[in-house]
Amino acid sequence: MATASSHAPPYDLEGATTYSPIPAGPEPTSSGAEPRRPKKLLPSILLSSFLLLSLVLLIFSQRPVKLSSSDTVETTPSTSVGDLSPARPLTEPPSRGVSQGASEKVFRRVSGGGLSFSWSNVMLSWQRTAYHFQPEKNWMNGPLFHKGWYHLFYQYNQESAVWGNITWGHAVSRDLIHWLHLPYAMVPDQWYDVNGVWTGSATILPDGRIMMLYTGDTHDVVQVQCLAYPADLSDPLLLKWVKYQNNPVMVPPPGIGHKDFRDPTTAWLSPDGDKWRITIGSKVNKTGISLVYETADFFKYELLDGYLHEVPGTGMWECIDFYPISLTEANGLDTSANGQGIKHVMKVSLDDDKNDYYALGTYDPIKNKWTPDDPELDVGIGLRYDYGKYYASKTFYDQNKKRRILWGWIRETDAEALDILKGWASVQSIPRTVVFDKKTGNNILQWPVEEVESLRSDSFEFNAKLEPGSVVPVKVDSGSQLDIVASFEIDKDAFEATTEADVGYDCPTSGGAAARGILGPFGIVVLSDENLSELTPIYFYVGKGPNGEVETHFCADELRSSVAPDVDKIVYGSKVPVLDGEKLTIRSLVDHSIVESFAQGGRRVITSRVYPTKAIDGEARVFLFNNATGASVTASIKIWKMGSANIRPFPLDQL
């Protein structure tokens, strides 16, 4: 009998024509058997971040180092507090994930074995979020709503705050904000998933049955698709899951690499309504593709001819999402909806650059083809869900409130050694609703679910005219947990008098908020200390061409977010469409080391990870600023303090 080994076989699987599981190979573990104990990773190779299943958090089974508030972590000599230059990219540590056929898990710009800043326990403890979902410890798949509960399944490492030993964590919530941890939904205990229970998606059938398809990594390092379903549908908590006895239900077809076949989507109905279809990400050479399978019962599958879509040069597509969106209604749509007044969103997570791209287009179910509305904004080369740290996202249709909800995984951007010290890594974004942007006709709008507003408490409003070069403090007791809404208007006379300004501006190469132009930058500063030695500006920058064409940029600047060099510090952003008569608007959710910012009602979103050393707890400040040289700006801001979400183990003993 073959053993459950995580080592790759001595032959080249990718060179084979197709993959067939060994009929007499590893036998399934009996339902009553003790689950396989995941292998422990050696601390010397713990160096990475993780990938969201549809929600990916990473957590750490080792206890964090215990320090008093005055203790510091012993490191190499610290940098000078005055050294505020961006952290330079360092040599990448050993790869983790690729050898198992997963995407690269070590994709931080800041890495390396040693730390060069003396981090205190107060600093590290402050980084843990208060109202974003994350496991109690370690590294952090298919969400759904069932019998009054929202269910979140997420990839989780039971043993460390780095990628590996992937198990499905499980949590439930009544409102998407307060969560209760449940026992693991699935563990890697079968030959077809012994190297990891990876990304999956749930489909709720008309009769109420729930089918969960997920990617398993086999004992011989091949990606296969597997089926699981609840043992008891009458259980609102869905505590027990059964793996189909004849798994895997799909294996890599001829011509597809055995490490390039992952992440099945939620299923949708075929044109005749008698079969279901799902799509799976892959690649052929450097062309990203989406394969489509059809099934009548979720046990047997047929690969359809051709691809749902393909884009040359985009590389491996993972965590594909494919769903309808209404052009006229604010409600979300069931995944099987199609017809007049409906577009389809295709989203892919690009393995090559670790960003989530989407495009709007038309789905022809007869031809099994999706066509983008604008080929220049095709999947992987056009629009992104989020221009910051946001990956491996997934939506689901919330039949309870008739809305489509988007989840994303937010990875760490500090040194991995710090994750091990903290004992956790990665969090889930605040869930966002997704609707069509009827005003522009070529965007989606993302917005935090309304439930997050239940955490609001005291509020403060402030209006100001910001002269060029001004920085104005906004009085808040503490800037660590806030919901901020701000709007800005450039002085009309100064704007019209400007004939040309900063053509060709680009957020990532701009030099950040310190680089001044005629019509920008201006916006808000969050997580700043009183002396502005640490600060994270979220801002607009307006360019104007000689022909009068206006381009507005929405940016987030991390260059001076921390005096510590052990963290990634860059500028994120993109152009944002602004229509005639619209004010420039920002909403920022500040939750300790995470800032999620939405411009123009959600046309553009930037998620930032920041790790200040001084601008924490009661020392965190908020400012309005205008660093333009040629125009004043009228600003209006409203700030709510945010409470903490109640995230704790479910009291199973009270059932």
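Are Cys507 and Cys555 buried or exposed? I looked them up, and Cys507 is buried, as is Cys555. For my own record, buried is under 20% relative accessible area, exposed is over 50%, and partly exposed lies in between (1.4 Å probe, protein chains only).

Ground rules next. I'm working on a predicted model, where local features need pLDDT of at least 70, side-chain atom pairs count only at pLDDT 80 or more, and totals for chains, interfaces and linings use all residues. Residues are numbered from 1 along each chain as its sequence is written, and side-chain values use heavy atoms, with hydrogens and water left out.

**Entry: overview**

I found three helices and 39 strands in the chain. These are DSSP runs numbered from the N terminus: helices are H or I with at least four residues, strands are E with at least two. The chain has 655 residues, and 61% of them count as buried. It exposes about 24,400 Å², with carbon and sulfur atoms supplying 51% of that. The areas are Shrake-Rupley values with a 1.4 Å probe, and for residues only the protein chains shown count as cover.

**Entry: cysteines**

I got one disulfide in the structure, taking a disulfide as a pair of cysteine sulfur atoms within 2.5 Å. The partners are Cys507 and Cys555, with sulfur atoms 2.1 Å apart. The link is left-handed, at -60° about the S-S bond. Cys507 sits in the loop between α3 (492-497) and β30 (522-528) and Cys555 in strand β32 (residues 550-557), so the pair ties together parts 48 residues apart in sequence. I also checked Cys226, which is buried at a relative accessible area of 0%, and Cys319, which counts as buried at 2%.

**Entry: six-stranded sheet**

I traced an open sheet of six strands with antiparallel pairing, in the order β27-β38-β29-β34-β35-β36. β27 (456-466) and β36 (604-609) are at the edges with a single partner strand each, so one side of each has no neighbour in the sheet. On average, neighbouring strands here are turned by 15° against each other, direction ignored; the axes are lines fitted to C-alpha atoms (for helices over the stretch in contact), and angles run from 0 to 180 degrees between N-to-C directions. Strands pair if DSSP finds at least two bridges between them. I noted eight bridges between the antiparallel strands β29 (residues 481-490) and β34 (residues 584-591). Ile484 has Ser588 in β34 as its bridge partner.

**Entry: hairpin**

β18 and β19 form a hairpin with four residues between them, and Asn368 in the turn has a positive phi of about 55°. Four bridges join β18 (residues 355-364) and β19 in the antiparallel sense, and Tyr363 has Trp370 in β19 as its bridge partner.

**Entry: pocket**

I looked at the second largest pocket, with a volume of about 580 Å³. A pocket is an open set of points on a 1 Å grid over the protein atoms alone, with protein on both sides within 12 Å along at least five of seven lines, and lining residues have an atom within 4 Å of a point. I count 21 lining residues, with Phe495, Val550, Val578, Leu579 and Glu582 nearest the centre. β29, α3 and β32 each supply at least two residues of the lining.

Definitions and conventions. On a 1 Å grid over the protein atoms alone, a cavity is a set of points where a 1.4 Å probe fits but cannot get out, and a pocket is an open set with protein on both sides within 12 Å along at least five of seven lines; lining residues have an atom within 4 Å of a point. Grid points are joined across faces, edges and corners, and a volume is the space filled by probe spheres set on the points.
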